[in-house]
Each structure stands twice: as structure tokens, then as C-alpha cells.
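This report is meant to be read with the sequence and the coordinates side by side.

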Amino acid sequence: MKLYCLSGHPTLPCNVLKFKSTTIMLDCGLDTTSVLNFLPLPLVHSPRLSKLPGWVSKDGTINLEKELKECAGRVFVDAQPEFCLPERELLDLSTIDVILISNYHCMMALPYITEHTGFTGTVYATEPTLQIGRLLMEELVNFMERVPKAQSATSWKNKEIRRMLPGPLKDAVDVWMWKRCYSMQEVNSALSKVQLVGYSQKVELFGAVQVSPLSSGYSLGSSNWIIQSHHEKVSYVSGSSLLTTHPQPMDQSSLKNSDVLILTGLTQMPTANPDGMLGEFCSNLAMTIRAGGNVLVPCYSSGVIYDLLECLYQFIESANLGTTPFYFISPIANSSLEFSQIFAEWLCHNKQTKVYLPEPPFPHAELIQTNKLKHYPSIHGDFSSEFRQPCVVFTGHPSLRFGDVVHFMELWGKSSLNTIIFTEPDFSYLDALAPYQPLAMKCVYCPIDTRLNFHQVSKLLKEVQPLHVVCPEQYTQPPLTQSHRSDLMLELQPPPMPYRRCSVLNLPFRRRYERIYILPELANSLVPSEIKPGVSVATVSALLHSKDNKHTLQSVPKPPPMPPSKKRKRVIEEPPVALAPKPMLSGAVALEAFLATLQKHGITEVKVEETADGHILHLQAEDTLIQLEEDGTHIVCDSEPLRTTLRDLVLRFLQKL
């Protein structure tokens, strides 16, 4: 069993498991942090960005003014943003049989995998994961296509030139693997390969293994996966949460008795308490609005935003913010808010019960009805005529490199009354703000990450007790900025097996058993012998038939009799006649009893030597050796009559099957 790691990002995993002749991809996350090296894509012409100076090396020998721009001491690529793809050279991706998706954030690289590698398999995901994943891909394509950039920048990727660039562009990894965004046609083609599954539904793969999704408690439809054969079990835990939020709670009991547990997608903010961050979010928002400023919340269009809106619903009246408009701007804003209300069976119990009252499970429905929350596809059209300040705007993208958020950064960045509140943990807020410096607006960092922290995961692993744990190497050492914090890493016995991008692990257990079925007529012909109370054994001679990884023992067919014929025919080689099997022997030769038996038969001079595997008996007068071992007995003797006598004496102690 092997595990191939194709991604270096622990919360955006992409791994391939080879297990019992099947090749299974576990998630295909898209590392979007590479976009932080690019200039933002403004929706309207930005004089500030267009006047940025181009980059020229200090000695003046390299001039990349068209590709690279300098801003506040940093260098950015002036081209369409590119994403860091999962590794594609480590193994042949056309050999992948299935792709298992754990949540909608971990499927954003799917079109790159299914459309350009010769992939012919099936993708398995829950319905909310598919539908919300489709929306997020659609939004990403929309962000890119509405602000196209004709020029492409490749000269800066040259190794010699990159050495001369300032960081962090100098330290960017796998830059030749970076690719522009896919098209909507590729998205639709990729998602047509998805087959929907429900929690605990068992899907058989080629008769070899069964896969089954379990609720992971992180987002709508998010899953952990069980991959098992008759005798082995692998659990894949990715993006899980034990907190009480809107999704169904995590199914922990089904993870028990795993031979291997592959662990990814822990919280990116182990020191930040989500409840504390929500409180800080609300208080900073209220302070800014009371001071007459606007609040910008760069966020994804699904996930934490549902919890933010629910929190604000309870907070608005007590903070006297009833007249403040809240805007949600995204090409998929309407669909996202509607989907969250219709996936009732994927919600936690409290929200499910509301559906049967009937009431909308999320309070943002009431905010929309009372006009406190308004949603728009973009800043153009209705929004521009209905927009009033001070207000709160939720919009994407959290990287601040594309989407409507770029316009609001340019619009509000110059005033210290305004505040930007970061809630998504995927991007460094300092790197996100870098191309907008100098910035007057206030910045508040309230990362809300509900995924498992190290304390929770240690407790979980003690309960489910897997034999082996495999995880990204980042989890086996404290963060670089807090090297003294041993509580911010996994400390297990035995230690977890770490992996990094491009590593190949031989997982530490071997398959020892295979299930074989026996046909009734063959079973009927067996004659069991009891070897000890409650245990019977029978020998069997049969034909092993294997098809679709199912193995069956069938009776050995008897050769048909040859019909008599007057004509001479060339000799046909007859099939071999099935011979009756030799009887098998079981039991053990007791040393003291065997020596007594030898003495009765006149063999008295016996020297006994103990070995690692048993005993060696040297019959000195007869010049004969007898090796008594756990799994066999060997008689070394020149005299055939004596050898036969000794053999018969040994057989007295053994049972024939």
C-alpha cells in the first residue's frame, strides 16, 4: 500500500492511495496562495495601479518593467493570476480509478485533473459538496473572465532571474506548475464525472474495496472517508470540526479500528478561538459603523459567511445597528443563500427541526425579507443605485486580488474611518494588503477556523485508536514563529508518519488475508477433522476462480471420457487426472514422550540439543539425527528400515487430516 502526496498545502490536500489494485485520489485542493504574488484585477481602471513603476535589477542588466511592478517595497507580477496545481509528474494521473472529495474547498483543482490528464474514472462527492463546489468554481471563472488581461508573464519564472528578485517572489515554489484559471466549459465537463453519495452509503470499487463517506461536521456535505476491504481499513480525515455550527455533527465512532488514519485539514489558526473571534468581529464592526465608517469583509461565498450572518442577526438589535445596510456581493450570492436553506438533511439537528415547523433554518432569510441584508451579483446595475453608506459589505475574493473586493479597497482604502475585517484564515492578511499600501483604513484580523485543533485531534485519536497515523510534516513540529509551543503539534505513540509534497510513503502494514468464497456443493464434500475442542479442519482440492477481485473455490472438473473412434487420430494429450491429496499432519511431537517411545524400541543412547526452532536428537549408536521443529520433523539416516521405523514412531504423535 502506497501513498503519493501531490500537494504541499495541509488544508488543501491532494493525495493518491494505491490499495488492493485500486488507485484512489483523496481530494484535489487548489493552492490559491500563489495569487498573492500578482497585482489585483480592478473592475474599473485604477490610476494608482497603472502608475506603479516597473522592476529593474539593481545593476540595470535585467529589465522586466512589463511583467513586474513595484509597490511599497514589494514586487508583483502584472498578469492574470495563476494557481499552484497539484503535482502531476509523480505518477500517471490517467491511472486514477476514483477521486473522493471531502468538502467543496478541496475540489477546486478538479478540472485540471479530469480534463488534462487522460482521467477516465469517477468522482464521488455529496450533493452539497457538488452544488456549492460548482458555485465556487463558477464564481472564480467569473472573477477572472470579467477582467481579462491579455499579456502573460513568463520571463520572471526563469531561475536565474528569480534569484535576483526580492522575496517573497524569489522564494515561490514550483512556479512552472502555476496555471491560469480553467474555463466554464472545463468546469461543466469535470463535474459531469461526479457521482453523488450520501453519508454511510457504501460504494464498491471493482469488488476490491468499499468506500463510504461520513459526516465531518465542517461544512455543508463535508465528509471523511472510510476505505476498507474485508480485512483492512483506512480512514481519511480531512477538514473536520467538533464545534456546534450549521452542518451535521462529526461521525467519530465509524473511524474506530483503522489500520491507517490519514489526517489532513486541521485548523490553520490553532491559537484563535472561533467564538472569541466572532465576538471581536461584531464589536469591531459596531465601533466602525458608530464612527460613521464602512466595514469590508472579504470572504468566500459559502461556509463561514452563514455563521457570520447568524451572529450579526442576534447582534444587530442589541447594538442599535437596525438601520445599517448589509450587502452581500457575489456572482453566486443568491444561489449560495438559497442552497443553504434547501439542504435541510445535511444540517445539524436544531436547523433540521426548523424546516418542519416550517421556518427557514438560517436567519439570513429574515434579514433578506426585512431588507437588512441585500445581495447583488456585482457592483454594477442595481447595487450602484441602491448603495448607501455607512454600510457593511461581504464580498470576495479573500486574497484581495480579484472580485468586487478590489473596487472597495480602492474606494475605501484612503479613509481611516473605514475598517477591513479578515475572517478567512487561508491568506496572510499582510500579504493580501501589500499591493494597496500605503493604506489609511483600519485592519482587523479575526480568522474564524472551526476545524480540529491539536488538542481536539489528540483526544479524537485516543478514542478511535488507529494503528498508524499519517499526516503532513507541518503537524509534526511546532510553527516556525512559535517553536517553543509543543502543544501546537501532534505528539503520538508510535510517532505519526509525516509527508510533504512529492513524497511517496510505503504505508506500514501488509495485507495478510483475502476472503475466498466456497461453492455449496464443494463445501458439502468436505470432511472436517476435529484437532482440538471447537476447532475442526478439512483439506480441500479445488479450482480457484478469480473475477472482479472476488475469489471462489470451485470443484475440480472431471475430464470427459473420450468417445470410441475407429479412425486413427493423432495422440491427444489427456488432461492430468486430479490425484487425491496426501494427508496433512498436525500436532506437536512431545520431547519427553518421544524419548520414552524410543527407549521402548531399544534406542537408548540419545543426545538432545536445544535449538532456536526446537530440538536435535542425536542417536549415537545408530549414527542418526532427528530434527524436531515447530513446523516439521526431519530424519537424517542411512538405514532405510530404521528411517521407516522412526517415521512411524513420529507419526504416532501427529494427527492426519
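Which residues are buried in helix 12?

## Helix 12

In this predicted model, the buried residues of helix 12 are Val-405, Val-406, Phe-408, Met-409, Glu-410 and Trp-412. The helix covers residues 405-412, and because six of its eight residues are buried, helix 12 is largely enclosed by the rest of the structure.

The domain assignment divides the protein into domain 1, made of the segments 2-32, 82-150, 178-267 and 452-506, domain 2, which spans 274-445, and domain 3, which spans 585-656. Taken over C-alpha atoms, the centres of domain 1 and domain 3 are separated by 60 Å.

The largest pocket holds about 1,700 Å³ of space, and it is lined by 47 residues, of which Gly-8, His-9, Pro-10, Gln-268 and Gln-474 are the closest to its centre. Sorted by class, the lining comprises 22 nonpolar, 16 polar and nine charged residues. Why can the largest pocket be said to lie between domain 1 and domain 2? The reason is that both of these domains give residues to its lining.

Ser-238 belongs to strand 15, which runs over residues 233-238. Is this residue, Ser-238, buried or exposed? Its relative accessibility is 1%, and because buried means under 20%, Ser-238 counts as buried.

The side chain of Ser-238 makes a polar contact of 3.3 Å with the side chain of Asp-27, and another polar contact, also given as 3.3 Å, joins the side chain of Ser-238 to that of Thr-264.

## Glu-530 in strand 27

Glu-530 is part of strand 27, residues 529-532. The side chain of Glu-530 reaches the backbone nitrogen of Gly-534 at 3.3 Å, and, not counting residues up to four places away in sequence, Glu-530 touches Val-535, Ser-536 and Gln-655.

How many residues apart in sequence are Glu-530 and Asp-251, and what is the distance between them in space? They are 279 residues apart along the chain, and from C-alpha to C-alpha the spatial distance is 44 Å.

Terms used: Residues numbered from 1 in each chain as written. Predicted model: local features only at pLDDT ≥ 70, side-chain atom pairs only at ≥ 80, totals over all residues. Heavy atoms only, no water. Domains from an automatic or database assignment. 1 Å grid on protein atoms, 1.4 Å probe; cavity = no way out; pocket = protein on both sides within 12 Å on 5 of 7 lines; lining within 4 Å. Points joined across faces, edges and corners; volume = space filled by probe spheres on them. Nonpolar A, V, L, I, M, F, W, Y, C, P; charged D, E, K, R; others polar. Helix = DSSP H or I, 4+ residues; strand = E, 2+ residues; numbered from the N terminus. Buried < 20%, exposed > 50% of the residue type's maximum accessible area, 1.4 Å probe, protein only. Polar contact = N/O pair within 3.5 Å; in protein donor to acceptor, adjacent residues only side chain to side chain. Contact = heavy atoms within 4.5 Å.
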